Structures are given as structure tokens and as C-alpha cells.
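Here is a structure to work through by question and answer. Keep the sequence and the 3D view open as you read.

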Amino acid sequence: MQPDTLAMFDQHAATYDQTWQAMAPLREAMQLVLDNVFATLPEAARVLCVGAGTGAEVLYLAERHPGWRFTAVEPSGPMLEVFRRKAEVQGIASRCEFHQGYLDSLPAMAPFDAATSILVSQFVTDPVERRGFFRGIAERLRRGAPLASADLACEMTSDEGRRLLDVWFEMMSVNPEARERAKGIYGSQVAVVPPEAVSELIREGGFDAPVRFFQSGLIHAWFARQALDR
């Protein structure tokens, strides 16, 4: 993640959830399907959450699976602190490990039973580093363990993609005058690439063929199983 992007998350952590409240129905729909993607996990599953942010998916899954434990990796200290307070209010903090930093600074531990990466890899703008991001997750999972990953994705140069972008910007309340600048951000600070390219990066990162389980607007989500030989 670029330093200015991290600084933005630090600055807006306290109001992050309120800012994106209008998008909550999309998040909730994705979480509903995500819970079923993880339906075969053991009762005492250990779940790695990379880029946990303010903890949306952890809080959702923890409420439904009281035996699961979570390791939350998040580079923004203020975002992680918001998550910690919410976990304490919900009574799940004892089942969470909060790690401020990136995956490569997480201490070595037993392989995880599953992982999530929700709207995270899009901030890794270099394709080689993005592939390495997924490989870093794969190396933390037991063989065959599922990853659920979501990112913004779009073929922005196609007519279909441009039309979808217009709908997305309308939903995001981006006025017409600001849309060209937003498209520039999506091509530089946020790596919005075609869905097929994201799927291939996941596969090259050490997973089997990803299955797209959700799409709404530009948000695409896949699940894939760890396929690295150990």
C-alpha cells in the first residue's frame, strides 16, 4: 500500500464506517454468501483476515461461529483501534489477535484454516507485488484451505466497462465533473483491472482456479483453495 493511501486510512478511520454506510447493503449481501463459502470450516477454525480494516467481516463471522478465532492484520493503527473497540463491545475481542502491520511482519504460526482479503489487494498497484500479496496469504494457509477475496474490478476501456463505471459513480455520488479524476485514481492509486486479471493473479499466487461468488457494481469476490506444495 502506498504511504499516502495508508495516511488516508489513518486520517479517516474514526468516520470510515459512517462514510460508507450507504454501501452497507452490498457488504451485507457479500457477507451472506461468504458465510456459506466457509460453511465446511471446523467448529474451532482459525481465520486469517488480511487488511481487516474496521473489522466488518470478522464481526459478522464471529457472531455466527462462536468457536472461530481470528487473526486480523491491518497496517493502519487507527483503523485497527476502531475494530478493537467494536470487538470489545460485541464481546469477541478474546477471540481476536490484532496485528498492526503487513502480513510479512506477522509472527510465524500454525497454518490457518481460511483467509479473507476484502477490498485490499486493489491497493497493491504493481502486478508482481500483487501476485506476491496472494502468495503471502497462500503460504499462511493449510493446503486446500479457502481464501475469500474481493476487489474492485472492471475493464475500464471497453464500452461495457465505461457504462458500468457510470452506474458505479452514480451510486457513489461522484458528480460528472469529478469522474475523469476518479477514473485516473482507479488507474493509479487503486489498481482497478479486468476481473479476469484479478482471478489470474490469485491463481498465480498459489491457489486453484478462483470461483467468482459475488458481484455488485465494481465489487467482485472470488473463493479459491490453497494449492501450494509444501
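The questions below concern a predicted model.

Q: How many aromatic pairs does a search of the whole structure find?
A: The search covers the whole structure. Rings pair if their centres lie within 6.5 Å. The count of aromatic pairs is 6.

Q: Is the pair of Trp-68 and Phe-70 stacked, tilted or edge-to-face?
A: The ring centres of Trp-68 and Phe-70 are 6.4 Å apart. Their planes make an angle of 55°. Under 30 degrees counts as stacked and over 60 as edge-to-face, so this pair is tilted.

Q: Are Trp-68 and Phe-70 buried or exposed?
A: Buried means under 20% relative accessible area. Trp-68 and Phe-70 share one label. Both are buried.

Q: Which residue joins Trp-68 and Phe-70 in one aromatic cluster?
A: Trp-68 and Phe-70 form an aromatic pair. They also belong to a cluster with another aromatic residue.

Q: Which ring lies under the charged end of Arg-64?
A: A charge sits over a ring if CZ of Arg is within 6 Å of the ring centre and within 35 degrees of the ring normal. The charged end of Arg-64 is 3.6 Å from the ring centre. The ring belongs to Tyr-60.

Q: At what distance from the ring centre of Phe-112 does Arg-46 lie?
A: Arg-46 lies over the face of Phe-112. The distance to the ring centre is 4.4 Å.

Q: Which element gives the most to the lining of the second largest pocket?
A: This pocket has a volume of about 190 Å³. α7 (159-171), α9 (195-204) and β6 (211-216) each supply at least two lining residues. The top contributor gives 3 residues, and it is α7.

Q: How many charged residues are in the lining of the second largest pocket?
A: The lining includes Glu-155, Glu-160, Glu-196 and Arg-212. Glu and Arg count as charged. By class, the lining has 4 nonpolar and 4 polar residues, and its charged residues number 4.

Q: How far apart are the end C-alpha atoms of residues 47-144?
A: The UniProt annotation "domain: Methyltransferase", from an unreviewed entry, covers residues 47-144. Over this stretch the chain is 36% helix and 20% strand. Its end C-alpha atoms are separated by 14 Å.

Q: Is Leu-119 buried, partly exposed or exposed?
A: Leu-119 is not a glycine, although its phi is positive, at about 55°. Leu-119 is found in the loop between β4 (114-118) and α6 (127-138). Its relative accessible area is 29%, so Leu-119 is partly exposed.

Q: Is Ser-173 buried, partly exposed or exposed?
A: Ser-173 has a positive phi near 60°. The residue lies in the loop between α7 and α8 (179-188). Its relative accessible area is 66%, so Ser-173 is exposed.

Q: Is Gly-55 buried or exposed?
A: Gly-55 lies in the loop between β1 (46-50) and α4 (56-64). Its C-alpha is 19 Å from that of Pro-146, which is 91 residues away in sequence. The relative accessibility of Gly-55 is 0%, so Gly-55 is buried.

Methods
Residues numbered from 1 in each chain as written. Predicted model: local features only at pLDDT ≥ 70, side-chain atom pairs only at ≥ 80, totals over all residues. Heavy atoms only, no water. Buried < 20%, exposed > 50% of the residue type's maximum accessible area, 1.4 Å probe, protein only. 1 Å grid on protein atoms, 1.4 Å probe; cavity = no way out; pocket = protein on both sides within 12 Å on 5 of 7 lines; lining within 4 Å. Points joined across faces, edges and corners; volume = space filled by probe spheres on them. Helix = DSSP H or I, 4+ residues; strand = E, 2+ residues; numbered from the N terminus. UniProt positions renumbered as here; feature names shortened; annotations may be inferred.
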